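Colleague: I have some labels to check with you. Please show me the model.

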Amino acid sequence: MVTQSKPLLVARTELRRSLRAFRANRYQLLATAALALVFLLPMVVFGVIGARGAGEALAAGESFPGFDVVGMVRSAVAAFWVLVAFLVASRAVGKTATLDESEAVLTAVPVPTVLRGLLLSETALIGLWLVPPVAIIVGAFALGASAPLVVVTAALAGVLLMASAVPVGYFVGLGIRHLLTINPFLARYKTAIGLGAFLAYFGAIAFAESLFVDLFGWVGRLPVGWLGDLVLFGAPGVSPSPVLAGAGAALAVSLALGANAAAVWLAERHWFADPARDSRPTNRVARTRRTSAFDGIVSRPTRAIARVVWLRARRSPIRLLYAVYPLFGLLVFANDLSAVLSYLPVVLALYAIWAAGAAFTLNPLGDQAGALAATLTTPVDGERFVRGHLLVATSVFVPLGLIVSLVSALLVGYSIERVALLAGVSVVGTVGATALAVGVGSLFPRFGAVRLSGSHKAVMPSKSAFVAYSLVLGLVVASIALIASEPARTTLALLGTGLVLDRFSLALAPDTVLTAAVVGLIVLVSTPLLAYAYAARSFDRFTLS
């Protein structure tokens with residue numbers, strides 16, 4: 001009895017930790033609620049309507065010409081199995097393959113017991129999100145078909161599915177994590193590999209519409225889909241195969257037992273393995289004294305700050321990953337690129353301008369972390385501190401923004417005049433954005449580390465700085481758009497009159513919008529200078545409490 005309770009104790013502990021961490025992150029709660037409201041709820045509603053209608057049609061003896069109900073259910077079951085395995089594997093790579101307080105846990109509890117507890121907690125956690133919607137849809141089908149036996153067979157198939165998919169997924173994720181831990185090459189470049197996988201994941205989302213059909217058809221041919229025949233036992237108007245149902249159940253049991261044993265074997269090696277170390281010879285003195293490209297151009301204290309900023313970003317590039325997120329919004333239009341092709345150079349230039357400030361200068365004080373006290377005691381003053389950050393950001397993003405915007409503009413077919421204008425805007429905008437960001441980041445610093453994914457933590461810009469910086473740049477773009485486009489001014493004038501001013505018997509003229517946009521742009525373009533001065537003064541006056 002005691003042996004059986006230990007895996008349950010491990011499972012309860014891990015599940016409680018996961019739920020506590022989830023509840024503590026209110027932004028994750030809001031994002032999950034929004035996702036459930038926008039995607040999950042409509043899917044369940046339409047799924048219930050469709051499943052009940054299909055059940056009623058089958059109970060009435062209606063047929064579906066050219067539509068294989070059994071085949072579709074097999075594909076759906078196989079796709080659900082792959083989804084569960086993928087989620088468990090992803091969590092294993094990012095978090096669950098690394099035990100918290102592993103020395104204490106592994107000296108108190110055997111590896112098989114710990115692993116079974118982790119698999120139970122993963123089953124409960126994944127099932128908590130995925131099982132209820134599926135159960136509701138299955139219940140609607142059973143109600144429409146007047147076939148209560150379907151609920152029983154679907155529950156049995158669900159148990160077999162979860163019991164096999166979770167250990168298989170965990171074994172795969174544990175294997176990937178083990179390779180990233182013990183292989184020197186993979187361990188050295190695991191951040192780059194993770195970023196590549198991240199980009200591939202979002203690329204797959206962008207082309208999900210075209211990939212879904214092919215992927216669904218391929219996944220539907222997996223043998224685990226035979227559990228779909230078990231689901232349909234007792235449903236009217238269909239003829240599931242008893243042989244395939246039995247084979248699917250036997251396969252699920254075999255996968256569950258085999259994957260459990262394989263995961264135990266791998267866990268015993270991974271949790272006691274020594275991480276790979278970088279065996280490349282290092283020469284820190286030579287690296288420190290390496291001649292900078294800016295020697296003789298900027299002062300030595302400025303170069304020292306710039307070197308620290310660059311080395312910190314190079315050694316922990318995951319901190320810069322959040323600056324890539326808006327780029328994935330462009331992937332929404334990847335399936336219909338022609339619709340936005342003429343605007344693509346401008347969008348890419350604006351993105352490079354935004355990223356220049358967001359990547360390096362949006363948290364200058366917080367990025368110092370534990371070294372801030374030492375930096376404050378050096379002869380470096382505020383202006384040199386700020387210039388060091390601006391030097392890194394502009395030296396990276398000015399050429400990057402120019403290359404991206406100019407190449408895309410030439411490919412789209414912009415005239416030479418428009419290409420030159422875009423180049424000028426890209427350079428000036430990048431310099432201004434970095435100066436703006438350093439001031440906003442000094443106004444809203446963040447010193448504490450936040451969890452990015454799994455066990456990865458980093459000091460990130462605060463949400464207030466992120467929003468304020470993006471808002472100012474957005475207002476600049478809006479002002480320029482209003483000045484350059486008469487239809488935009490007319491539209492805004494009509495909206496302002498109809499929504500607000502009409503109640504007071506007033507009207508907003510397009511010329512008034514133009515004047516406001518010009519005045520606003522003049523004010524906004526002066527903010528980088530003010531931000532630069534504020535950031536320098538903030539560093540000079542900063543005190544540690």
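Modeller: Here it is; note that this is a predicted model. Let us start with helix α18, residues 463–484.

Colleague: How do you know that the span of helix α18 is close to the one expected?

Modeller: Helix α18 has 22 residues. The expected span is 1.5 Å times one less than the number of residues. That gives the expected 32 Å, and α18 reaches 31 Å from its first C-alpha to its last.

Colleague: Which residues of α18 are called buried, and why?

Modeller: They are A465, Y469, V472, L473, V476, S479 and L482. They are called buried because each has under 20% relative accessible area.

Colleague: What do the buried residues of α18 pack against?

Modeller: They pack against α14, α17, α19, α20 and α21. Contact here means heavy atoms within 4.5 Å.

Colleague: Why is L41 called partly exposed?

Modeller: L41 sits in helix α2, residues 26–59. Its relative accessibility is 45%. Buried means under 20% and exposed means over 50%. The value for L41 lies in between, so L41 counts as partly exposed.

Colleague: What makes L41 part of a nonpolar patch on the surface?

Modeller: A patch residue needs over 30% relative accessible area, and L41 has 45%. L41 forms the patch with L35, L37, V38, F39, V45, F46 and I49. Together they have about 860 Å² of accessible area.

Colleague: Which residues touch the most other members of the largest nonpolar core?

Modeller: V84, L161, Y170, L227 and W271 do, out of 42 residues. Helix α6 gives the most to this core, with 10 residues.

Note on methods
Residues are numbered from 1 along each chain as its sequence is written. This is a predicted model: local features need pLDDT of at least 70, side-chain atom pairs count only at pLDDT 80 or more; totals for chains, interfaces and linings use all residues. Side-chain values use heavy atoms; hydrogens and water are left out. Patches are made of residues with over 30% relative accessible area and no salt bridge: like charges are joined within 9 Å, nonpolar side chains (Val, Leu, Ile, Met, Phe, Trp, Tyr) within 5 Å. Accessible areas come from the Shrake-Rupley method with a 1.4 Å probe; for residues, only the protein chains shown count as cover. A salt bridge is a side-chain nitrogen of Lys or Arg within 4 Å of a carboxyl oxygen of Asp or Glu. Helices (H or I, at least four residues) and strands (E, at least two) are DSSP runs, numbered from the N terminus. Buried means under 20% relative accessible area, exposed over 50%, partly exposed in between (1.4 Å probe, protein chains only). A nonpolar core is a set of buried Ala, Val, Leu, Ile, Met, Phe, Trp, Tyr and Cys residues joined through side-chain atoms within 4.5 Å.
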